[in-house]
Amino acid sequence: MITFILTSCQHPAKQEEWGVYGGGMGRQQYTVLNEIDTNNVKDLQVAWVYNTKDAGPSSQIQTNPLIVEGVLYGVSAKLKLFALDAASGTEKWVFDPSDSILIDNAGRVDYGLNVCRGLTLYRGDNNQRLLFYTAGPSLFCVDGETGMPMTTFGTNGRISLHEGLDPHRELKDLRVTATSPGVIFRNTIIVGTSLSEEEEAAPGHIRAFDVHTGEMKWLFKTIPAPGEIGYDTWKDPEAYRHVGGANAWGGFSLDEGRGVVYAATGTSNPDFYGGKRKGDNLFANSILALDAATGEYKWHYQTIHHDLWDWDLPTAPVLVTVADNGEKTDAVAQVTKHGFIFLLNRDTGEPLHPIPEKAVPTDSELVGEEPAPTQPFPTFIPPFVRQSFSVSDLNPHLPDSSFADIKARFKNYKTGPIFTPPTERGTLVIPGLLGGAEWGGPSFDPETGILYINATEIPWVIKMAKVNTQAAPEKVQTNLHAGTLLYKKNCSGCHGDDLKGSGNFPSLRDLEKRYSRSEFAELVTNGRRMMPAFKHFSASETRALATYLLKITEEQTKQFIPAVKEKNEFYDSPYRLHSIAQFLSKEGYPAISPPWGTLSAVDLNTGDIVWKRPLGEVPELAANGIITGTENIGGSVVTAGGLVFIAATKDERFRAFNKKTGQLLFETALPAGGYATPAIYAVNGKQYVVIASGGGKMGTPSGDAYVAFSLPD
């Protein structure tokens with residue numbers, strides 16, 4: 001994550017700039033620029049392409065770049081920060097984090113472990129520009145003019161995101177990084193975190209740091225301690241010492257006039273079994289309003305109680321102004337993975353329209369689980385994706401044998417209405433674990449009150465497994481046996497018992513052809529993007545896992561010597577995640593009928609879905625007239641020129657739609673998938689649209705390009 005911070009109260013962003021992540025502090029992803037409009041968008045052509053030259057297997061670029069005073073700031077797949085001439089794409093400078101001292105507390109080089117989805121710019125006196133960016137567990141401060149670290153910030157231009165996060169436990173071996181940018185209020189940068197989602201994980205507390213020194217100014221605990229608001233929603237009085245998550249990984253929005261920062265948090269850990277974290281679990285899955293200067297609590301609204309489906313809030317609330325009982329009201333609009341839009345008063349957190357608590361399934365088959373008896377259901381705006389499905393909704397476009405297969409599998413899974421708890425046999429969940437809405441977030445047109453949201457509609461299967469706590473360990477164990485057990489406990493949930501992977505989880509078959517032993521050890525220790533870091537693995541455990549996955553036959557039969565570890569009974573769960581996977585046919589198509597991806601226009605004033613259309617195509621199906629939409633990752637931008645720009649789709653296309661009608665007006669192929677949010681800017685009166693084209697998601701090849709479009713001269 002690179003964070004470029006803008007003190008907009010002192011240096012207002014110009015209309016031709018894209019100076020803040022998402023286009024503004026309110027995360028509206030909107031621009032007033034209108035040179036490119038519904039009449040001429042068809043004439044767009046490539047203005048320039050910048051190749052970072054560091055793409056690797058499965059690498060990704062998800063950055064929404066910033067453009068300030070004719071300079072574009074972006075990030076490469078290996079988290080190199082760069083500056084370009086925004087009109088020509090000519091490189092000005094590159095900052096490589098591997099050239100700096102990035103040694104973590106255990107003495108290991110630790111960088112490049114997260115994707116960067118956005119940037120923040122701080123502009124101080126004399127047009128000083130400070131760039132803040134996260135690589136691994138380090139938050140850097142870099143001079144925006146030279147690309148050199150600011151040595152006055154922290155230690156030689158960096159601070160550790162581990163330090164000061166939690167006074168109750170040791171965190172140095174747990175994953176703490178950031179994927180979305182922080183936000184600036186005055187001389188303070190407010191940051192969230194991206195964490196492991198395993199049983200043992202760091203808490204997602206929100207912090208603020210001085211932009212000049214790196215000194216921590218305040219901390220808000222998203223998992224409250226005794227005497228703090230929300231503590232009584234945890235049945236275990238010691239939960240604050242052990243539970244992780246509830247992190248604001250999707251970034252922030254800021255109302256500078258009110259001095260309030262708004263955050264949306266994720267699930268508490270572990271994701272799918274809550275027997276060790278009974279209760280509603282505040283402030284997980286919550287919209288939070290905090291005093292930006294002090295971190296003081298103002299209000300919250302919890303969108304899911306005791307989440308068991310990994311439906312964390314994926315993006316910051318959007319600051320909107322809408323009609324409420326005939327009057328204009330400032331509000332926050334929160335889109336969710338499970339397909340709802342929560343519309344709340346910006347000052348109080350009260351719903352603008354009724355959101356009743358409705359009874360949901362509580363018949364968990366997992367011993368010790370206590371699902372919440374009710375969940376909030378917004379009524380004003382209908383769900384923007386399907387939230388359940390039956391046999392009649394199975395994909396009709398499959399060969400007879402494949403249809404028979406998915407029908408049989410469907411009947412074997414646990415099915416039911418939304419919020420049906422996970423099971424050992426497998427529970428079908430829709431929307432899936434990646435949405436509904438995702439981190440790209442919606443775009444909002446302040447002139448019309450219409451919100452544009454891209455979403456995925458692919459069911460997933462969550463399957464749990466009992467942990468045999470009674471079996472005595474073998475006296476003598478081989479590396480292969482130990483490595484196999486480690487894989488089943490820690491890795492099979494994402495990559496499958498057969499190592500094939502699924503959806504966004506890559507296959508681990510033939511891994512020995514892609515990784516050396518040292519590269520594998522680095523990957524396991526430090527993690528990468530969605531994969532958590534397993535810093536708690538001993539050297540012997542990492543070696544044993546390598547003998548299994550890298551097929552190191554000469555080491556497999558040797559005796560495994562386990563390390564002596566302290567044991568925390570809190571993490572001895574009776575269940576573990578067996579697997580999570582998209583529900584797909586033999587051909588790899590979603591088992592549900594289309595659409596599988598959509599773009600919707602929602603009027604926040606009336607609650608109406610103005611239009612909705614499939615987003616993306618599967619070429620071989622489209623050739624037969626079947627328009628399906630595809631899974632999509634990234635966000636849209638809406639313009640005063642009447643357009644909605646979006647890439648995001650699995651078919652690696654970049655598109656522009658008429659914002660009033662949803663008509664497709666422009667479409668072009670990208671060098672690789674554009675799984676990011678575009679940025680729109682102007683230089684010398686000429687308007688540009690730029691998108692990071694980094695691929696690497698949904699089974700598509702990786703790329704290394706930023707592509708800018710403009711109208712012909």
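User: Before we start, how are lining residues sorted into nonpolar, polar and charged?

Analyst: Ala, Val, Leu, Ile, Met, Phe, Trp, Tyr, Cys and Pro count as nonpolar, Asp, Glu, Lys and Arg as charged, and the others, Gly among them, as polar. Keep in mind that this is a predicted model.

User: Thanks! How does the lining of the second largest cavity divide, then?

Analyst: It splits into 7 nonpolar, 4 polar and 1 charged. Among the residues that line this cavity are V20, Y21, R27, T120 and F252. Arg counts as charged and Gly as polar, and the lining includes R27 as well as G24, G182 and G251. The volume here is about 70 Å³.

User: And what lines the largest cavity?

Analyst: That lining has 10 nonpolar residues, 5 polar and no charged. Closest to the centre are G416, P417, L428, V429 and I430. The largest cavity has a volume of about 110 Å³.

User: Why is the pair of F283 and Y297 called tilted?

Analyst: Stacked needs planes under 30 degrees apart and edge-to-face needs over 60. The planes of F283 and Y297 stand at 35°, so the pair is tilted. Their ring centres are 5.9 Å apart, and the limit for pairing is 6.5 Å.

User: What makes F283 buried or exposed?

Analyst: Buried means under 20% relative accessible area. F283 has 1%, so it counts as buried. Y297, at 24%, counts as partly exposed, because that class lies between 20% and 50%.

User: Why is the pair of F340 and F377 given its name?

Analyst: The planes of F340 and F377 are at 75°, so this pair is edge-to-face, given that the cut-off is over 60 degrees. The centres lie 5.6 Å apart. F340 is in the loop between β23 and β24, and F377 in the loop between β26 and α1, so the pair ties together parts that are 37 residues apart in sequence. F340, at 2%, is buried, and F377 is buried with 14%.

User: What makes β39 and β40 a pair?

Analyst: Two strands pair if there are at least two bridges between them. Strands β39 and β40 have 6 bridges, in the antiparallel sense, so they meet that rule. One of the contacts joins V689 to its bridge partner F709 in β40.

Definitions and conventions: Residues are numbered from 1 along each chain as its sequence is written. This is a predicted model: local features need pLDDT of at least 70, side-chain atom pairs count only at pLDDT 80 or more; totals for chains, interfaces and linings use all residues. Side-chain values use heavy atoms; hydrogens and water are left out. Helices (H or I, at least four residues) and strands (E, at least two) are DSSP runs, numbered from the N terminus. On a 1 Å grid over the protein atoms alone, a cavity is a set of points where a 1.4 Å probe fits but cannot get out, and a pocket is an open set with protein on both sides within 12 Å along at least five of seven lines; lining residues have an atom within 4 Å of a point. Grid points are joined across faces, edges and corners, and a volume is the space filled by probe spheres set on the points. Rings of Phe, Tyr and Trp (its six-membered ring) pair if their centres lie within 6.5 Å; planes under 30 degrees apart count as stacked, over 60 as edge-to-face and the rest as tilted. Buried means under 20% relative accessible area, exposed over 50%, partly exposed in between (1.4 Å probe, protein chains only).
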